[in-house]
Amino acid sequence: MKKIKLKRFVITVVIMLACYLLQCTLFPSLELASVKPNLLLIVTAAYGFMRGPKTGMWIGFFSGLLIDIQFGTVLGLYALIYLMIGYVNGLFSETYFDEDIKLPLLLIAGSEFVYGLLIYFLMFMLRGEFDFVYYLMHVIIPELIYTVGVTLILYQLILWINQKLEAEEKRSASKFV
């Protein structure tokens with residue numbers, strides 16, 4: 001059983017690091033309307049509603065910490081935002097069904113919108129930049145659309161990996177019963 005938990009942990013770390021590297025290296029060159037998708041938010045939200053609030057919080061914290069280290073001016077700001085997003089998405093784990101993609105798309109879109117609002121309020125408005133409508137129309141909504149578009153692909157991959165790991169966990173648990 002420990003072997004399977006270690007395998008899940010390693011695969012989760014690999015997914016998180018791969019998305020971080022893609023977000024920092026490949027997607028800046030694939031910007032549309034000068035925005036790029038937020039892959040780590042997709043991973044945080046997906047793990048939150050697939051595995052629950054605790055897992056969502058951990059994935060969110062470490063995803064946010066990676067962003068803090070790379071881009072942040074205040075260490076821990078993104079970690080806190082992603083942690084909250086992972087926790088809130090984890091609250092929907094009871095209503096989550098693998099076959100239905102509407103709930104994950106809605107949750108990721110909502111998470112992206114809240115993320116954009118929090119970044120605006122914490123990073124721009126507090127510095128005296130009050131042009132919210134411009135930020136909404138040129139950053140938040142285009143990034144939301146791009147992230148939801150990428151979610152259609154990335155979520156399917158995360159879902160497939162999660163289903164394989166859960167099937168392996170069930171097989172392993174049935175051996176001990």
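## Packing of α1 against α2

In this predicted model, the axes of α1 and α2 come within 8 Å and cross at roughly 155°. Here helices are DSSP runs of H or I of at least four residues, numbered from the N terminus, and axes are lines fitted to C-alpha atoms over the stretch in contact, with angles from 0 to 180 degrees between N-to-C directions. The two helices α1 and α2 are therefore roughly antiparallel to each other, a term applied to angles over 145 degrees.

On the α1 side, the contact (heavy atoms within 4.5 Å) involves Arg 8, Thr 12, Ile 15, Met 16, Cys 19, Tyr 20, Leu 22 and Gln 23. On the α2 side, Leu 39, Leu 40, Val 43, Tyr 47 and Arg 51 take part. By class, nine of these residues are nonpolar, two polar and two charged; Ala, Val, Leu, Ile, Met, Phe, Trp, Tyr, Cys and Pro count as nonpolar, Asp, Glu, Lys and Arg as charged, and the others, Gly among them, as polar.

## The loop between α1 and α2

Ala 33 lies in the loop between α1 and α2, and its phi is positive, near 55°, although the residue is not glycine. Ser 34 is found in the loop between α1 and α2 as well, with a positive phi of about 60°.

Ala 33 is exposed at 57% relative accessibility, and Ser 34 is exposed at 59%; exposed means over 50% relative accessible area with a 1.4 Å probe, protein chains only.

## The largest nonpolar core

The largest nonpolar core has 44 residues, of which Val 43, Phe 49, Met 50, Tyr 115 and Ile 158 touch the most other members. Such a core joins buried (under 20% relative accessible area) Ala, Val, Leu, Ile, Met, Phe, Trp, Tyr and Cys residues through side-chain atoms within 4.5 Å. Two or more residues each come from α1 (2–26), α2 (39–51), α3 (53–70), α4 (77–90), α5 (102–124) and α6 (132–176). The largest share, 11 residues, is from α6.

Leaving aside residues up to four places away in sequence, Val 43 touches Ile 15, Cys 19, Ile 59, Leu 154 and Ile 158.

## Annotated transmembrane regions

An unreviewed UniProt entry places the feature "transmembrane region" at residues 57–85, 105–126 and 132–161; such annotations may be inferred rather than shown by experiment. Residues 57–85 are 79% helix and 0% strand, with end C-alpha atoms 8 Å apart. For residues 105–126, the values are 91% helix and 0% strand, and the end C-alpha atoms are 30 Å apart.

## Basis of the values

Residues are numbered from 1 along each chain as its sequence is written, and side-chain values use heavy atoms, leaving out hydrogens and water. In this predicted model, local features need pLDDT of at least 70 and side-chain atom pairs count only at pLDDT 80 or more, whereas totals for chains, interfaces and linings use all residues.

Definitions and conventions
Parallel < 35°, antiparallel > 145°, perpendicular 65-115°, else oblique.
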